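Hi everyone, thanks for coming. Please have a look at the sequence and the structure on the screen, and then I'll walk you through them.

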Amino acid sequence: MTGADLLLSALKQKGVSHLFGLCGDHVNPLFVAARRHGIGIVDVRHEAAAVHMADGWARVTGSPGVSVVTGGPGHTNSLTGVATAAAAGSPVIAISGSYEVSQQGRLAFQELDQVALMRPVTKSASLVTEAARLPEIVAAAFREALAGRPGPVHLSIPLSVLSREVEAPPPPGETPPPVPPHPDPTAIREVVERLAAAERPACVVGSGGFWARAGDALTRFAETTRTPCFTIDLARGLLSDEHPLCFGYADPVLNETARALKSADLILLVGKRLDFRLKFGGPEVFDPEAVVVQIDIDPAEIGRNRPIQVPLVADAAAALEALTAEAARRGGWPARPWLEQLRRQQKAWRESWATGEASEEVPLHPLRLCREVRALLPEDGVVVMDGGDFPQWPRMTLPARRPGHWIRLGGLGTVGAALPLGLAAKLAHPEAPVFIFMGDGGMGFYGFELHTAVRLGLSAVIIVGNDQGWGMEREIQGALYGREQIAGCELGLVRYDEIMRALGGHGEFVERPADLRPALTRALHSGKPAVVNVLVRKGTVSPLTAASIAAKRSSQ
């Protein structure tokens with residue numbers, strides 16, 4: 001066997017069905033041998049897109065995605081994808097080819113310290129020098145990627161290691177997955193007592209709930225204790241937004257109902273870090289006097305940015321199950337008046353969209369577009385949203401109904417990455433409609449992955465909200481420096497629909513509200529990857545952009 005054979009056999013043993021990559025001299029042995037091992041190659045047009053697709057696969061399926069790129073510039077191109085996965089806590093095995101280390105220091109072709117570049121954005125990064133150890137190294141990479149808070153792991157592998165013929169070692173024994181950490185029973189009893197005494201409790205669930213597959217446990221906990229819940233990050237859809245105890249996105253900027261968290265007297269954080277999205281747990285989002293219970297599998301996260309009254313280092317599902325069992329033993333969980341207050345706020349918030357949703361203005365109001373998509377979005381539909389101004393509207397208004405079916409960029413905010421993330425979602429869910437929301441600016445980063453979609457038959461619907469420029473930056477510059485000072489924000493009209501048709505896909509161009517539903521329907525039923533290029537009104541500022549402007553003004 002060659003090193004490539006050993007690597008592919010080890011990956012297949014881990015359940016890997018696809019490699020996301022771009023060919024190159026350093027990794028050709030892997031590409032050539034993959035079919036023989038029954039592993040598909042998803043070949044892209046840019047190395048960062050390869051990692052974004054592996055990341056998207058992980059976020060949608062809950063299993064690690066594997067990227068393979070060549071060394072040198074292929075490796076450096078992939079760095080943004082790896083950093084994006086790290087910020088999202090997504091388990092990616094990022095494999096790069098490498099120059100021949102025996103030539104190190106001699107000005108070898110594409111000589112680069114690849115491992116040093118990867119260390120800051122991975123859980124671990126290493127250079128593989130022994131082909132026979134590849135099965136052991138792959139097993140360790142998967143353990144590390146999934147341990148605690150998930151994240152990417154990098155392997156640099158020289159061509160000589162992949163090409164080297166070795167005696168096939170005996171298959172490594174399988175180590176059973178470790179039992180996730182369970183919470184301290186005393187702490188569980190304390191949480192339940194504090195919860196019972198609270199008048200305005202709220203549960204905020206983050207990505208740790210997704211990786212723990214805690215959906216059923218969360219549902220039982222919410223229904224037993226009658227606790228209102230908000231979800232964020234990869235936990236979106238873990239408890240459906242349509243469940244009577246779910247109040248949607250735990251982002252006060254894009255969900256006015258979540259502003260009620262400031263009135264909560266007890267906050268139960270489940271697998272959610274106190275990051276910038278929650279204003280670091282500060283008074284803008286949480287009452288400084290509120291009791292905060294934090295459940296996290298990573299001890300280093302407990303108490304970051306804010307004192308925690310009851311810390312629990314535990315797997316999210318195990319903690320929720322223990323809380324539910326203790327709450328059921330205690331009994332007596334009537335609905336609080338707080339629930340009705342939240343429902344009134346939620347109703348008022350949704351009703352505030354009505355004018356924009358009914359708008360007949362030309363170019364379109366983004367809320368009108370969102371209304372039309374929502375009408376076509378089935379239970380199993382997948383929505384993937386990019387950065388910039390336009391995608392904030394679907395992020396604000398489209399429901400999350402299932403885990404892994406409502407995807408955002410994550411903490412790094414890598415504009416453009418939604419396209420490869422969404423194509424990976426379509427690969428994982430070929431029968432489900434997948435809607436990818438992009439601004440016309442974001443389309444410029446990985447736009448040629450439209451060609452990847454056509455070649456691989458990934459019939460996602462890419463909706464481009466086209467305001468002919470960098471909408472968020474245009475509004476921020478105009479607000480802070482004056483409209484006459486705006487620079488570098490105008491793009492002009494780009495017909496992405498015609499580009500899609502030229503590549504062999506389906507394209508629609510929409511200028512009027514009445515034409516939008518028919519265009520979306522044709523795109524959905526075309527059987528091809530489709531771009532629906534929609535002219536949207538300039539200057540219709542999303543709540544996120546408005547909040548950003550307000551924050552920048554206050555700091556001036």
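**A walk through the model**

Let's begin with Ser163, which is found in helix H7, residues 159–163. When I say helix or strand, I mean DSSP runs, numbered from the N terminus: H or I with at least four residues for helices, E with at least two for strands.

Before going on, a word on where this comes from: it is a predicted model, in which local features need pLDDT of at least 70 and side-chain atom pairs count only at pLDDT 80 or more, while totals for chains, interfaces and linings use all residues. Residues are numbered from 1 along each chain as its sequence is written, and side-chain values use heavy atoms, with hydrogens and water left out.

Back to Ser163. Beyond its neighbours within four places in sequence, Ser163 is in contact with Thr2 and Pro29, where contact means heavy atoms within 4.5 Å. Ala418 sits 255 residues away along the chain from Ser163, and their C-alpha atoms are separated by 35 Å.

Now to helix H14, residues 366–376. Its buried residues are Pro366, Leu367, Arg368, Leu369, Cys370, Glu372 and Val373. What covers them? The cover includes helices H13, H15 and H21, along with strands S15, S16 and S18.

A disulfide is a covalent bond between the sulfur atoms of two cysteines. With the cut-off for a pair of cysteine sulfur atoms set at within 2.5 Å, a search of the whole structure finds zero of them.

Finally, let's zoom out. The protein chain has 22 helices and 18 strands, and its C-alpha trace spans about 70 × 60 × 45 Å along the principal axes. Buried residues make up 56% of the 556 residues. Of the contacts between residues at least 6 apart in sequence, 74% join residues at least 24 apart.

Key. Buried < 20%, exposed > 50% of the residue type's maximum accessible area, 1.4 Å probe, protein only.
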